[in-house]
Amino acid sequence: MPDPDRWRPDPGAAAMRHMRIWTYLLAIEHSGSIRQAAERLNIAPSALQRRLRDVEQDLGFDLFERSAAGVRPSAAGEIFLGWVRRQCTDLDRSRQQMEALRGLRRGHVRIAASQAVASDLLPREIAAFQARYPLITFECPLVGHDAAVERLVDGTADLVVAFGLAARPEVLPLLSIGQRLCAVMASGHALAAHKALRLRDCAAYPLALPTTDYGARRILDEWAARRGTALDMAVESDSFELLRQFVRNARAVTFQIEIGALPAGASDGLVAIPVDDRDLAHGPLVLAQRRGRALPVAAAAFAEHLARAIDAQRTTPMVEGSAA
């Protein structure tokens, strides 16, 4: 008797069956262990091992190298798993398009974002979008701009919103607006009454800085390099909220772009002051997709929605009066 999981006449069911097997392979890659992947998938390790062996026999290649430490993709496995990720992305897009045709409005949007938009802009616009399309879900990893681009390229993100995104042939900008750096500090800080600040004024105090994954940090490092000086860094973190909380309780200064400097509910006890334009402490906030890729219906609709919201910030004061 043929294994019912290895052949079915319904092509839709066959596609879903293959997608399930692909999910198994990606889970093994992510976990680095067949046992851990099986636990995550809630299936028996022996069953998962059989599925893997079936695929390897069909292909004629070992997809994973086994060792006492676990498993990792072989050279052939890297190629095949890359293909699997692309197939999953294409199938997901096709399903969303079919559902859109039926008027179901279902979908899933994957958007890799800078923390600068995570505290206020992005959650606000997701909520507004879901008020109109409640069956669309979101996946929003917070990453630096280099990691954001890699997610676009490998197909694990539909969109990115990042500050200081470097131009690359694989990336298609949908919208870009200029953003100044702002110095963020406690309202009782010695610099808090200024309308604008030079970076040299801020550098006289301990600094709480984001990691080098973020565009703001790169601007500051380039400024220090031009001056031949070192930054007096008291704290370094990839958490913008941690940096804000630190300077709230210290005489230190941190920096964030204006759109995310003081999100709603974060201004108590803090001020955000623009850095003087003479220091060239500015850059683009970019909404982008992968060039040459047709976005899934839900992602395309949200991209239009978010682009309008970001574009509206061009004429909206974001930090004026915060030092009053």
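Trainee: What is the volume of the largest cavity?

Mentor: In this predicted model, the largest cavity has a volume of about 100 Å³. Among the 14 residues that line this cavity, those closest to its centre are Ser-114, Phe-163, Tyr-214, Gly-215 and Phe-240.

Trainee: What makes a space a cavity and not a pocket?

Mentor: A cavity is a set of points where a 1.4 Å probe fits but cannot get out, whereas a pocket is an open set. By this rule there are 3 cavities of 30 Å³ or more. The largest pocket, in turn, holds about 560 Å³ of space.

Trainee: Which residues of the lining lie nearest the centre of the largest pocket?

Mentor: They are Leu-26, Cys-88, Thr-89, Arg-110 and Glu-139, out of 17 lining residues. Helix H4 (75–101) gives the most to this lining, with 7 residues. The lining divides into 3 nonpolar, 6 polar and 8 charged residues, while that of the largest cavity has 8 nonpolar, 5 polar and 1 charged.

Trainee: How do you know that the span of helix H5 is close to the expected one?

Mentor: Helix H5 (residues 121–132) has 12 residues, and at 1.5 Å a residue the expected span is 16 Å. The first C-alpha lies 17 Å from the last, which is close to that value.

Trainee: Why are the buried residues of H5 said to line one face?

Mentor: Buried means under 20% relative accessible area, and in H5 Leu-121, Leu-122, Glu-125, Ile-126 and Phe-129 are buried. Seen down the helix axis, the buried residues of H5 fall within an arc of 120 degrees, so they line one face.

Key: Residues are numbered from 1 along each chain as its sequence is written. This is a predicted model: local features need pLDDT of at least 70, side-chain atom pairs count only at pLDDT 80 or more; totals for chains, interfaces and linings use all residues. Side-chain values use heavy atoms; hydrogens and water are left out. On a 1 Å grid over the protein atoms alone, a cavity is a set of points where a 1.4 Å probe fits but cannot get out, and a pocket is an open set with protein on both sides within 12 Å along at least five of seven lines; lining residues have an atom within 4 Å of a point. Grid points are joined across faces, edges and corners, and a volume is the space filled by probe spheres set on the points. Ala, Val, Leu, Ile, Met, Phe, Trp, Tyr, Cys and Pro count as nonpolar, Asp, Glu, Lys and Arg as charged, and the others, Gly among them, as polar. Helices (H or I, at least four residues) and strands (E, at least two) are DSSP runs, numbered from the N terminus. The expected span of a helix is 1.5 Å times one less than its number of residues. Buried means under 20% relative accessible area, exposed over 50%, partly exposed in between (1.4 Å probe, protein chains only). The arc is that of the directions from the helix axis to the C-beta atoms.
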